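Please find below some notes on this structure, written for someone opening it for the first time.

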Amino acid sequence: MSSSHPEPFDAVSVIRAKRDRGRIPDAEIDWVIDAYTRGVVAEEQMAALAMAILLNGMEADELARWTEAMIASGQRLDLSAVRRPTTDKHSTGGVGDKITLPLAPLVASLGAAVPQLSGRGLGHTGGTLDKLESIPGWRAKLSNAEFMAQLDSVGAVICAAGDELAPADKKLYALRDVTGTVEAIPLIASSIMSKKIAEGSAALVLDVKVGTGAFMKNAQDARRLAETMVALGTAAGTHTVALLTDMSTPLGLTAGNALEVRESVEVLAGGGPADVVELTVALALEMLAGAGITGVDPAEALADGRAMDVWRAMIAAQGGDPDAELPVAAEKQVLTAPATGVLTRLDAYAVGVAAWRLGAGRARKEDPVSAGAGVVLLAKPGDPVRAGQPLLELHTDDPTRFERALQALEGGFDIGDAADLVAGPLVIERVTA
Ligand code: URA
């Protein structure tokens, strides 16, 4: 700390206020986020504050101020020059969740502009950028000028978020990861919403996943997170709606980077698994409504090739070859059904961990991922299966990985009676301000 510029507050008083269940005054919130970003508040002090927030929570207006301070730690994009209404989607992450890939070009094909700043995968859920990077030539990093030009001309951009977007969150998220403070709803909500609001889109749809493959394991927690994020978006002037959607089983029939791109292209070609199509259309309608576009039919734009045209333009604009062969893993192994009956459960988390162990995901953020690795589902819950029938196909470049992937799948599915099937809706609930 420089003596010529004394700090107006001290971190210990801020920590004590939250430790004692108080509300942190606005000026102190602004200061603590800024001082942490500058390196004046030490990591151990922010760790203590994050733990106090996890234990004692935050009031709604306190959290709104905290989120504003996180946004103010970096750049806020100005999309006012874009000639179409802007609308975006964020998913809290799930297994086989490739929805952004067909969704962004679909929504752009119906008249909106979709500015998607995305991340890479960590742990058992995949990252959108990792998936797109399996397309030969495709590049995640764009300059601000390239981003704006593509948004205006193509209508959809999916690219890496720059370092200048909510830098306080980058530091804080890494710290939470190693201090057991990821699971605090105010911290998750402000982390996601600071980045999304800074992105500058006028409308936002949140896909809050519920189930074993998601951050939030039950609908009650997911609803609280959704309500908190919708309130933050609304307070910041972003038209925000959330859908709670099922993540007890993987979305679609693939989990893994190139495998998911292939499936997304099937959806853009008017085919693809019914659940992926259903969720893509449901989210598209919400994104379009948020942008003031109604009376359009997303299913039709998938069927007649309009969405595919935008996909091709979007991939090509970032150096990718939409016609290139996608990478295929070197080795394949099949897991067969041990009994005859109905597949009553196929656990999203088990499949996600298996795909990760096959090389589709990373354990540390600097690890590489395998483009071809992953899991293909040959049956979904509700399907009849016969003993010995292939159930799952495991793909990897490194056959020593099969054993650990198979271990992840032990206990990950049930075959029984049709009566044991518990099938809920894919879209569970809609949360608005
Ligand atoms: N995703 C984020 O960006 N932040 C969190 O805190 C959790 C998930």
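This is a predicted model: local features need pLDDT of at least 70, side-chain atom pairs count only at pLDDT 80 or more; totals for chains, interfaces and linings use all residues.

1. Contact between the two involves 24 residues of domain 2 and 26 residues of domain 3.

2. How much area do domain 2 and domain 3 bury between them? The figure is about 1800 Å², and 59% of it is on carbon and sulfur atoms. Of the area that domain 2 buries against domain 3, 26% is supplied by His124, Leu253 and Leu259, more than by any other three residues.

3. Two salt bridges are counted between domain 2 and domain 3. A salt bridge joins the side chains of aspartate 130 and arginine 362, with an N to O distance of 2.9 Å. Polar contacts between domain 2 and domain 3 come to twelve residue pairs, with both residues at pLDDT 80 or more.

4. Which elements give two or more residues to the side of domain 2 that touches domain 3? They are strand 6 (254-255) and helix 11 (257-268). Helix 11 provides the largest share of that side, three residues.

5. Sorted by class, the side of domain 2 that touches domain 3 consists of twelve polar, nine nonpolar and three charged residues.

Terms used. Residues are numbered from 1 along each chain as its sequence is written. Side-chain values use heavy atoms; hydrogens and water are left out. Contact means heavy atoms within 4.5 Å. Buried area is the accessible area (1.4 Å probe) that two parts lose on being put together, summed over both. A salt bridge is a side-chain nitrogen of Lys or Arg within 4 Å of a carboxyl oxygen of Asp or Glu. A polar contact is a pair of N or O atoms within 3.5 Å; within protein, one must be able to donate a hydrogen and the other to accept it, and residues adjacent in sequence count only if both atoms are side-chain atoms. Helices (H or I, at least four residues) and strands (E, at least two) are DSSP runs, numbered from the N terminus. Ala, Val, Leu, Ile, Met, Phe, Trp, Tyr, Cys and Pro count as nonpolar, Asp, Glu, Lys and Arg as charged, and the others, Gly among them, as polar.
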